[in-house]
Amino acid sequence: MRWFLAFALLAGCNSTVRRAQRLQAPDVAALGLRGDAIDARHGDIVMRSHKAIAVIQKPQRDMGPTPYGGNLIDFALTDDRIDRLGEMQPFLNLGRTAAFDALEIISDGSDGGPAIVEARGRDALIDFINVPAVRPDLLSYNGGNGLLRWDPNAPVPITFRARYTLGEDDDFLRVHYTVTNHGDETLELQAGVSLDAGGAVKFFSHERGFSGISGFSLQAFQAGAASNQFSAIMGDDVAYGIRAIGEKSGRGLRSVGLSIAGVAVLIATEGNLFDVLNAPTLVLAPHGSRTYAYEIQLARSVAGVRGRLLEREDEPGFVLSGRVANLTSRLPSADFAFFLRDGDKVEAVVPLDQDGGFSATLPPARYEVAIDAPSLVPLTSPVIDLSSDTDVTIDAGKHGQVTIAGEVFADLDSQSSAPRPCRITVLSQTALPTFRVSTARELARPAYETRFLPECAGGLTLPEGVYLIQASLGPAYDVFAERVVVRADAPVTLAPRLHRIFSPVIAADFHQHSVNSPDSNTPLDVRALGYAAEGIDFFASSDHDRITDYTPVLAALGIDTILQASPGVECTTFSFGHFNAWPLPPNPALTSGGTIDWGRETDTLLPRDIFAAMRGRGAAIVQVNHPRNNGGDDFQSFFDRAGLTVDPDKRVLGSDPLLQPVPSSTLRLPEGEPLFDKNFDAVELLNGFNFTDEDGDGRLDEYRANLTLRDFVGFLAQGFHPAIVGVSDSHTAWRALPGYPRTYVQTDGGAFDGESVAQALKQGRAVASNTPLLDVRALGKDGTSGGLGALVRTTLEGTATIEIRAEMQQPSQIDRFEVFVNTWVKTPGVAADGSWTKVPLPPTAIVDVVAQPVTRPNGGVVYVATASLPITVERDAFVVVRASGKEPMFPFIIEAGGGTPNLGSTSAADFFATRTGPPGLAVANPVYLDRNGNGAYDPPAL
C-alpha cells in the first residue's frame, strides 16, 4: 500500500517513484481496480502512468483462450480504475502464440522515462482453438494450396520477446513483439494479436460497427471482410482501441479482424480476410529477427479512442457535440450516439450522459448522428458537413411514464404477497427497434424490450404509443398482460398480481454464460437477477473454461433465499464437444478458477480422461452439451464428432471411426482410441429453440431434440440411463432469456441445494421442458406406483397403467402426449450415399388432449391436461413421454417468436393479429417397468 500512496502523492511531479513493480498479495487490492474483468494476482507486474494502470500477467499455464501468461490482462484509467479487458496475446499462423517463461522489469520509470516490462518465451500451440478441425474442408493447408497456408499444429523454431512500454503521461500501452528464427531455413509467418474481450463489452470495428469483426464461418471468408483503421472493445464506461503500428513509421496500420469463439484476432494488412490467410506478414531469414508492434489506446468510449488517435497523429479533427432534447428518465441500460460517415461507415460511438449529451472529436466529413436507446425512438439528426466544431440538438419526442407496482404470491395456498423479482416485457403496435449499426443502418430488433425488476416494481419511460406490457415470473406463475396507451400527460400505473400455479417442483438450468465467457457480455448480477425473475430455483454455472462462483452475487442481491447456485464449468473442447461439470470448487489463485486443463498444449485429453478429471475434482454431475446437430458437421456436438452409433438390435453403443466426420489426428487426439465414453450423468435434450416442421405434418418439431431422443432411447434399451435435461445456454441478458428451456427436478421435500438436485438428477427424477410441467407415473401390481426414475412391477400378465399430467399457463401449450415404450431405432441413420437421414422414432401411442382450467387457492389459474393409458409389455420396459403443443407461446416466449400487431386492438387478448414461434414441449425421463418380477430393470435389448 505504501508504494501506491507514494505514487498518488508524487504523481504530479518529476520524482523517483517506481512506475513498474511486481505485485505482492496486499498490492492487488491496493490497485483499486473496479469492473468485471479484473485478473491481477500475486506475482504479476503493474505498470503505471499519470493516466493509466496496466497489469502484465506472470508466466503460467491456465486453460482458456489465452492459456499462457506474460500478456496484458488489466488496463484502466487512473481516475476511475474501471477494467473490462480480458487478455491480449501474440498470434501466429492462425493458432500459435508465445508460452512466456520469463517476465522482468527492464525500466521501472523512476528516471522519468517510460516504464518497460519484457516477457520472453517460446512458440506454443493455442490449444483452446483448433481451426483445421472446425472447417477441415475450407481450411486445407495442403502444401499451401488451400485457403490456409500454415498448419497451426506445426511447431515453429522461434522464440518471442514482448516488450511493453508505458510512458509517464501515456493513456496507451505499446507492445513490440520480436520474433527470432532459430532454424536454418527462411520462415514466412502470419503474425498479429488475439484478444479475449473480457467483461461486459462488445467488439467494435472502425467503419463497420458492431458487425465489423467477422465470424468464423464460410460466409466470412468468402465475403473477405475489409481491413479498418482500428478495432475496439467497447463497454458502457470504458473502451479499448487496438491497432497495428508500423515498424519504422510508428503510425497506425490497417488491420483485418476475425472472431473465433468470442476471441478477436487482428492481423495487419491493407487487404481483406481472404488475403490474410495466404499472405505472410513476417519473413525471417535463418537466425534472423523481426519485430511487429501493436498498441492499445484507453478511453471512456470509442469516440474517445477516435479522438485520441487523431490527436496523437496530428490529424485534423473537430468536435461534434449535441444533446437529446426532451429526455426524461430512462430504462436502466446505456444509450448511445453513433456517428455515421457517408451514410454507412461508423466513425465512432459514444454513450449519452445523464442529460442526453454527447461529444466526439471526428475528422472532417459528412455525418449523420444516430441515437440508439431502448427507451427512445431511434431518431437521427440532419446530415452535417463537419468542417468546424458543431453542436446539434435531437428531439427525443414525447414520452410517457409507466409505473409497475407488482405483487407476487409465491405459494399455491398463499393469500399474501411478498417482494420478488419479475420480468417486464414491452411490445409495441409500432416498432420499438434498437439502432444497431453495421455497414449500413439497419433496424435489427423485433418490437420488444425486456427488463428484470428486482421487486417487480419500478418505472418505464416509453415513447407515446400503444403497447402490450407483460409481467411474468417464469412458467410456474400466471402472466399479467395489459394493453396500455402511453401519453406524456397521462402517467400509467400497472399493478400485476402474479400467482404460483404449478405443483411444487424445482426449476433448474445447468447451462448459461456470463462475462466470464469470451462470447458473452452479461454481468454476473444481471444473470443472477434474470434467473430469479424467470422463476429458476437452482442453476449450475457453466462459463467457458472458467469456474464462476455466484454465491457472493446472490447474497449481495438479497436473493440467496430463493435462488441457489453451484460453481461449475463448461469444458469447451474446440472441435469435439462441450462438457459441463458441477460442483467444482474454484481456485482463487488462478484467473480461470482452476478449470480442467483438457488441452495440455500438445496432447489433448480424450473425453474419457476429461470426464475422469472432472470426477477427480469432485464433480457430482458430468453433462454432455448439445450432442447432436445435423449429422456430423458441427464441431461442438460430441455425438456427431465421436461418430456415435446406437443400434440396440445389434447391441452396439459407441464410436464408429468410419462415421467420424473429422479424423482423430485432426482433433489432436490419438488414433485408434474411441471418442465416445459413457462416464456422464446428463445429456442436453433441449438447448435453446430449434423448431422446424421436420415431417410435414403441420406441427413444429425440435429437430436437434429429436436426434438426441433417438440416441437416448437406444441408451435406455441397453441399460445406459443418463438423465435428459433442458437448458437455456443463454449468452445474452435480454434476448435468449435464462431458464428457457429448463429442467424440472423432483427433489425430496422441495430442496434446491446442489446436493439434492444432483441426487435427484442421477435418479432420473427430472423433466426437460421449454415451459410446461410434465409428470408421469406408472400403476402396477397390487396398486403399487412410481414416478420418474422409479421401477414399477407389472401384473403377472405384464400390464400397467401410465398416468400423465401436464400443467401449463396457456390452454393450448400442450395438446398431445406421445408415449414411447421400448421403442428404438438405429442412430445415426446413414443412407447408402453416406448422407445423414432422419430416421423417425415411432411412438407406441399418441393421445390428443384438451387442457382444462383449475383455480388454485391463491387465485391463480393453471391449465391441466391428463391421460391414463393401459399398456402391456412382454419384457422389462422403459416408458418415455413427450408432451407437445401446436400453438406458439409468443409473447411469453419471445426468443424465435414474433407477431403482427393488430392496430385496432382494444385488449391484450387481441393485441396480435398473428403469432409465430416455438410451441410448448416437455420430455420426461423414463419410468421403468419390471415385467419378470426380479426387482431390477433388465434392459430389453440385452
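In this predicted model, Gly241 touches Phe230, Ser231, Ala232, Glu295, Ile296, Gln297 and Val305, when residues up to four places away in sequence are not counted, and contact here means heavy atoms within 4.5 Å. Local features need a pLDDT of at least 70 and side-chain atom pairs count only at pLDDT 80 or more, whereas totals for chains, interfaces and linings use all residues. Residues are numbered from 1 along each chain as its sequence is written, and side-chain values use heavy atoms, with hydrogens and water left out.

Gly241 has its place in strand β14 (residues 239–245), where helices (H or I, at least four residues) and strands (E, at least two) are DSSP runs numbered from the N terminus. With a relative accessible area of 4%, Gly241 is buried; the term buried means under 20% relative accessible area, while exposed means over 50% and partly exposed lies in between (1.4 Å probe, protein chains only). Gly241 and Ser301 are 60 residues apart in sequence, and their C-alpha atoms are 9.2 Å apart in space.

Arg306 belongs to helix α6 (residues 302–312), and it counts as buried because its relative accessibility is 6%. Not counting residues up to four places away in sequence, Arg306 touches His206, Gln229, Phe230, Glu347, Ala348, Thr361, Leu362 and Pro363. The side chains of Arg306 and Glu347 are joined by a polar contact of 2.5 Å, a polar contact being a pair of N or O atoms within 3.5 Å, of which, within protein, one must be able to donate a hydrogen and the other to accept it, and for which residues adjacent in sequence count only if both atoms are side-chain atoms. Helix α6 as a whole is mostly covered, with eight of its 11 residues buried, namely Val302, Ala303, Val305, Arg306, Gly307, Arg308, Leu309 and Leu310. After α6 comes Asp314, whose phi is positive, near 55°.

In helix α9 (residues 607–616), the buried residues are Pro607, Ile610, Phe611 and Met614. These residues cover an arc of only 95° around the axis, which puts them on the same side of α9; the arc is that of the directions from the helix axis to the C-beta atoms. An α-helix has 3.6 residues a turn, so residues three or four places apart point the same way. The buried residues of α9 pack against β39 (569–573), β40 (577–582), β41 (621–625) and α10 (638–641). Just after α9, Gly618 takes a positive phi of about 100°.

Several features of the backbone are found in loops. A cis peptide bond, with omega about -5°, joins Trp582 and Pro583, and Pro583 is placed in the loop between β40 and α9. His626, in the loop between β41 and α10, has a positive phi of about 25° although it is not a glycine, and His626 counts as buried at 7% relative accessibility. Asn93, in the loop between β5 and β6 (96–107), also has a positive phi, near 55°, and Asn93 is buried at 4% relative accessibility.

Thr78 lies in the loop between β4 (72–77) and β5 (87–92), and it is buried, with a relative accessible area of 17%. The side chain of Thr78 reaches the backbone nitrogen of Ala52 at 2.9 Å. When neighbours within four places in sequence are left aside, Thr78 is in contact with Ser49, His50, Lys51, Ala52 and Ile53.

Across the protein chain, the secondary structure comes to 12 helices and 64 strands, and buried residues make up 61% of the 942 residues. Among contacts between residues at least 6 apart in sequence, 72% join residues at least 24 apart.

A search of the whole structure finds nine cavities of 30 Å³ or more, a cavity being a set of points, on a 1 Å grid over the protein atoms alone, where a 1.4 Å probe fits but cannot get out. The largest cavity has a volume of about 320 Å³, the volume being the space filled by probe spheres set on the points, which are joined across faces, edges and corners. Of the 27 residues that line this largest cavity, the closest to its centre are Pro65, Thr66, Asp196, Arg546 and Thr591, and lining residues have an atom within 4 Å of a point.

Definitions and conventions
1 Å grid on protein atoms, 1.4 Å probe; cavity = no way out; pocket = protein on both sides within 12 Å on 5 of 7 lines; lining within 4 Å.
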